[in-house]
Each structure stands twice: as structure tokens, then as C-alpha cells.
Amino acid sequence: MFDRNQQIRWVIKPAIFMLALIPLAILIYRALTNDLGANPIETINRYTGDWVLRFLMLTLAVTPLRRLTGWNGLLRYRRMLGLFAFFYACLHFLSYAWLDQYFVLADIIKDVIKRPYITVGFASFLMLIPLALTSTNAMIRRLGAKRWQQLHRLVYLIGIGGVVHFLWLVKSDIREPLVYGVVLALLLGFRLWDRRRRTPDVIPSGAVR
Ligand code: HEM
């Protein structure tokens with residue numbers, strides 16, 4: 001009935017879209033049922049922060065999974081995962097700027113300058129913006145594949161920034177940010193290993209070994 005492209009467009013992508021909205025639905029449900037604990041602002045902020053990092057990791061996992069399994073079709077879902085990382089980052093920033101800082105710009109600027117973990121989180125958020133804006137096919141064409149790829153390498157820095165932000169904000173128990181750090185190291189390390197593996201060694205004479 002459906003060919004493969006139609007299946008992806010009308011079934012698989014909408015299913016992933018709905019799945020990616022479940023964390024938000026759970027948060028809304030918890031808010032409506034007064035289930036956000038003693039400090040609802042902190043809960044919302046931390047919950048959305050966790051999901052930014054999870055979607056970033058999922059986005060970064062696409063290439064390694066694709067290389068390891070040979071399943072190139074995975075690439076079709078990477079943009080959506082990256083945009084959901086941005087979506088949750090917007091909610092995370094909004095929860096901070098609105099619920100924590102009451103949209104007082106001067107206080108936000110002071111905080112960004114004064115607290116290193118906020119500085120790093122904010123820088124990562126700013127870097128996500130050009131990636132989201134250039135995620136369309138039209139922008140890929142406009143920039144050209146090479147420049148687009150170079151720009152989108154920022155995602156590695158964003159991932160590192162996200163983990164450092166988390167590491168800096170926890171007071172004593174660093175286990176959770178460390179787990180993200182190890183996952184990120186594996187995902188980025190795989191890329192380095194894969195690139196080395198696929199680039200033939202060049203000996204001084206210029207001949208390829
Ligand atoms: C890519 C960008 C970002 C990522 C990946 C990220 C991720 C996270 C994570 C994982 C947490 C901790 C959640 C937990 O405790 O379980 C967190 C907390 C937090 N983030 Fe972010 N964040 C980002 C951007 C920002 C920005 C732009 C701001 C504000 C300007 C911000 C402010 C905060 C604050 C205030 C907390 C809670 C700190 C606390 O409760 O002590 N984050 N973030």
C-alpha cells in the first residue's frame with residue numbers, strides 16, 4: 001500500500017515526533033497534578049536540561065550507529081532529533097529566564113557573566129541557534145554541503161559544553177554528568193577512530209601505503 005518513502009514520511013517520522021513529545025507531555029501532566037516536588041521551578045529546569053542532553057546524545061549517536069550497522073536510512077531522523085534537542089533547550093532556557101529570573105534581562109546578563117556553568121550553558125544554547133536555523137534542505141543548498149558540514153561540527157562543542165555545564169552545576173554527586181561525559185567521549189572518540197581508519201596513511205614520498 002505504502003512505498004518505503006511514504007512509510008517513513010507518514011508513519012515512522014510522525015511516530016518519532018510523537019515519542020519525542022512524551023517528555024513534555026509528562027512534564028505538563030506532573031505540573032497539572034501538582035507533582036513537581038517541593039521546588040517546582042528547579043524540577044522543571046532540571047527535567048528540561050536532562051532532555052536537552054539526551055536528545056543531543058541521540059543526535060550524536062546517529063553517525064556511529066550508521067557506520068557500525070551500515071543502516072544509512074538512520075540519517076533521515078538525525079535532523080528531527082537535533083531539532084528536538086533545540087526545542088528542549090528553548091524550554092530549558094525559557095524556564096530559567098522566566099521562572100528563575102522573571103525575564104529581568106540585567107539579572108540574566110549578570111548571571112551569565114558571573115556563574116561559569118551558566119556561561120557555558122548559555123554559550124551552548126547560542127551555538128544551537130545557527131544549527132537549527134540552517135537545518136532545512138534549502139539552507140543546506142544555500143551554504144553548500146561542505147560549509148554546512150563545517151558549521152554543524154559545532155554540535156561537538158555543544159555536546160562538550162552541555163556536559164561541562166552539568167558537571168559544574170552539580171554540588172557533590174557527579175555520577176550522572178560523568179555518565180553523559182563517558183557516552184559523549186565514546187561518540188566523539190568513535191568519529192576520530194573511524195576517520196583514522198578510513199584515511200589511508202600517506203608516506204613522505206606521497207605514495208599511499
Ligand atoms: C545546550 C545547552 C544546555 C544543556 C545541554 C543543558 C543541560 C542541563 C542539564 C543536564 C542540567 C541538569 C539537570 C539535572 O540536574 O538533572 C541543567 C541544569 C541547569 N541549567 Fe542547563 N543546559 C543548557 C543550557 C542552559 C542555559 C542556556 C541556561 C541558562 C542561561 C541553563 C541553566 C541551567 C540551570 C539554572 C540549571 C539548574 C541548576 C541547579 O538546579 O542547580 N542551561 N542544564
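**Helix packing and the iron site**

Guide: The axes of helix α1 (residues 4–32) and helix α3 (residues 78–100) come within 11 Å and cross at roughly 20°. Axes here are lines fitted to C-alpha atoms, for helices over the stretch in contact, and angles run from 0 to 180 degrees between N-to-C directions. That makes α1 roughly parallel to α3, a label for angles under 35 degrees, with over 145 counting as roughly antiparallel, 65 to 115 as roughly perpendicular and the rest as oblique.

Visitor: What should I know about the model and numbering?
Guide: It's a predicted model, where local features need pLDDT of at least 70, side-chain atom pairs count only at pLDDT 80 or more, and totals for chains, interfaces and linings use all residues. Residues are numbered from 1 along each chain as its sequence is written, and side-chain values use heavy atoms, leaving out hydrogens and water.

Visitor: Which residues make the contact of α1 and α3?
Guide: From α1, Lys13, Ile16, Phe17, Ala20, Leu21, Pro23 and Leu24; from α3, Met80, Phe84, Phe87, Tyr88 and Leu91. Contact means heavy atoms within 4.5 Å. The residues divide into 11 nonpolar, no polar and 1 charged. Ala, Val, Leu, Ile, Met, Phe, Trp, Tyr, Cys and Pro count as nonpolar, Asp, Glu, Lys and Arg as charged, and the others, Gly among them, as polar.

Visitor: What about α1 and α2, at what angle do they pack?
Guide: About 175°, with axes 11 Å apart, which makes α1 roughly antiparallel to α2. Ala20, Pro23, Ile26, Leu27 and Arg30 in α1 meet Thr43, Ile44, Tyr47, Thr48, Trp51 and Phe55 in α2.

Visitor: And how far apart are the axes of α2 and α3?
Guide: 8 Å, with helix α2 (residues 40–69) and α3 at an angle of about 160°. That makes α2 roughly antiparallel to α3. The contact residues there divide into 16 nonpolar, 8 polar and 2 charged.

Visitor: Switching topic: which residues coordinate the iron atom of the ligand?
Guide: His92 (NE2) and His165 (NE2), at 2.0 Å. Donors are N, O and S atoms within 2.8 Å of the metal (3.2 Å for Na, K and Ca); water is not among the atoms, so sites may look incomplete.

Visitor: Where do those two sit?
Guide: His92 lies in helix α3 and His165 in helix α8 (residues 154–169), so the pair ties together parts that are 73 residues apart in sequence.

Conventions: Helices (H or I, at least four residues) and strands (E, at least two) are DSSP runs, numbered from the N terminus.
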